[in-house]
Amino acid sequence: MGIANLEFKNIKVVLPTIAYYFVTGPWRALWCKIGYDPRKDPKAKIYQMLDVRIRLSARTYNSDIAFKAAAENNSTKLPRSLFSSRRYNHTCRLSKLPENHHIFKRDILPPFHQMYYQVCDLKDDELQKFVHANDGYEQSCDERDGWLLPDTFQKMRDLIHTLITLKIQEISDKETQEIERNEDEDGEGDEDEEGDEEIDDEMVNEIMEYFQPTLQNT
């Protein structure tokens, strides 16, 4: 949509002719080509969708670090039905989103409170170990975890939460150190000014002492 610069109202007319939409399950909120069923192909597990919500403990660790959904600028929700009679303003504004916002990396904070990541877009070795833990041994497609091992999604969410919390703490510590550094520099500046005033006072006293005998003789 972003590349073609098309509005959602036009896309939603074309897509149903070539693809079908998953409302729930491991491929939730994804379009799939008609004739292909990922539930029958273990290789499709890398395209499964992971729903991650930033937990309150991470979001409130530092109030200055904002996870803003910016709903007024970016449309992130699909209509309940493609054929709903209600009108939705889904003008494509992907150009305003952060570059590669759909990719998770441990050194980059997610832009939104709630993120949807395809498993293949989790660029982290530790997370990918969960994904490929059962490669070649997939038995059946679970309605919740798909082709992944049971509870894999939850383990991945827990790890992502930990990584995000550590990153926020790192940023917060750097900001605190920067503030303290600036305060120290301001304090040193005040001390220099006080020192200059003392030097001026000494010079005045010396001058007065020099002229004092002359004044007494007169």
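Guide: Helices here are DSSP runs of H or I with at least four residues, numbered from the N terminus. Keep in mind that this is a predicted model.

Visitor: Thanks! Where does that place Val 13?

Guide: Val 13 lies in helix 1, residues 8-14.

Visitor: Why is Val 13 called exposed?

Guide: Its relative accessible area is 57%, and exposed means over 50%, so Val 13 qualifies.

Visitor: Why is Cys 32 called buried, and what makes Cys 141 partly exposed?

Guide: Buried means under 20%. Cys 32 has a relative accessible area of 9%, so Cys 32 is buried. Cys 141 has 25%, which falls between the 20% and 50% cut-offs, so Cys 141 counts as partly exposed.

Visitor: Which residues have the most contacts inside the largest nonpolar core?

Guide: That core has 19 residues, and those with the most contacts inside it are Leu 50, Phe 104, Leu 122, Leu 127, Met 156 and Ile 160. Strand 3 (49-53), strand 4 (114-118), helix 3 (125-131) and helix 4 (152-217) each give two or more residues. Helix 4 provides the largest share, seven residues. A second, separate core of seven residues includes Phe 22, Trp 27, Leu 30 and Cys 32.

Visitor: What is Met 156 in contact with, leaving aside neighbours within four places in sequence?

Guide: Met 156 is in contact with Leu 50, Leu 122, Leu 127, Phe 130 and Val 131.

How values were computed. Residues are numbered from 1 along each chain as its sequence is written. This is a predicted model: local features need pLDDT of at least 70, side-chain atom pairs count only at pLDDT 80 or more; totals for chains, interfaces and linings use all residues. Side-chain values use heavy atoms; hydrogens and water are left out. Buried means under 20% relative accessible area, exposed over 50%, partly exposed in between (1.4 Å probe, protein chains only). A nonpolar core is a set of buried Ala, Val, Leu, Ile, Met, Phe, Trp, Tyr and Cys residues joined through side-chain atoms within 4.5 Å. Contact means heavy atoms within 4.5 Å.
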